[in-house]
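This report is meant for a reader who is meeting the structure for the first time. It begins with the chain as a whole and then turns to particular residues and their contacts.

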Amino acid sequence: MQGLFSILDELGIGFVAYSPLGRGFITGTAEPAGQYEATDMRDVEPRWQPGNFEDVRPGGPRP
């Protein structure tokens with residue numbers, strides 16, 4: 001089986017990663033909702049809400 005990049009190369013298709021740093025999750029700079037200005041989308045997006053925030057950070061849910 002060919003890898004993704006081999007197939008893209010064969011077809012002449014480029015690849016652009018969306019949000020490669022996870023909007024702060026991978027770098028460890030993300031904060032839960034309520035830690036941002038009221039106009040910041042992270043204050044209302046489900047990924048940053050209590051319960052979800054802990055589950056989506058690197059390593060996933062923690063006991």
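Predicted model: local features only at pLDDT ≥ 70, side-chain atom pairs only at ≥ 80, totals over all residues.

## The chain as a whole

A residue is called buried when its relative accessible area is under 20%, exposed when that area is over 50%, and partly exposed in between, with a 1.4 Å probe and protein chains only. Residues are numbered from 1 along each chain as its sequence is written, and side-chain values use heavy atoms, with hydrogens and water left out.

The secondary structure of the protein chain amounts to 2 helices and 0 strands, where helices (H or I, at least four residues) and strands (E, at least two) are DSSP runs numbered from the N terminus. The accessible surface, computed by the Shrake-Rupley method with a 1.4 Å probe and, for residues, with only the protein chains shown as cover, comes to about 4,900 Å² for the protein chain, and 59% of this belongs to carbon and sulfur atoms. If a contact is taken as heavy atoms within 4.5 Å, then among contacts in the protein chain between residues at least 6 apart in sequence, 16% join residues at least 24 apart.

## A nonpolar patch and an aromatic pair

Leu4, Phe5 and Phe15 form a nonpolar patch on the surface, and together they have about 340 Å² of accessible area. Patches are made of residues with over 30% relative accessible area and no salt bridge, like charges being joined within 9 Å and nonpolar side chains (Val, Leu, Ile, Met, Phe, Trp, Tyr) within 5 Å. Leu4 belongs to helix α1, which covers residues 4-11, and is partly exposed at a relative accessible area of 47%. Phe5 is exposed at 56%, while Phe15 is partly exposed at 47%.

Rings of Phe, Tyr and Trp (its six-membered ring) pair if their centres lie within 6.5 Å, and planes under 30 degrees apart count as stacked, over 60 as edge-to-face and the rest as tilted. The count by this rule is 1 aromatic pair. The ring centres of Phe5 and Phe15 are 5.4 Å apart and their planes stand at 80°, so the pair is edge-to-face. Because Phe5 lies in helix α1 and Phe15 in the loop between α1 and α2, the pair ties together parts that are 10 residues apart in sequence.

## The loop between the helices

Pro32 lies in the loop between α1 and α2 (52-56), and at 26% relative accessibility Pro32 counts as partly exposed. Leaving aside neighbours within four places in sequence, Pro32 is in contact with Trp48 and Phe53. The C-alpha atoms of Pro32 and Gln49, which are 17 residues apart along the chain, are separated by 6.3 Å.

Gln35 also has its place in the loop between α1 and α2, and is exposed, with a relative accessible area of 53%. From Gln35 to Trp48 the distance is 9.8 Å, C-alpha to C-alpha, across 13 residues of sequence.

## Salt bridges

A salt bridge is a side-chain nitrogen of Lys or Arg within 4 Å of a carboxyl oxygen of Asp or Glu, and the structure holds 2 salt bridges. One joins the side chains of Arg42 and Asp40 at 2.7 Å, N to O, and Arg42 is partly exposed at 23%. Glu45 forms a salt bridge with Arg47, with the closest N and O atoms 3.7 Å apart, and Arg47 is partly exposed at 28%.
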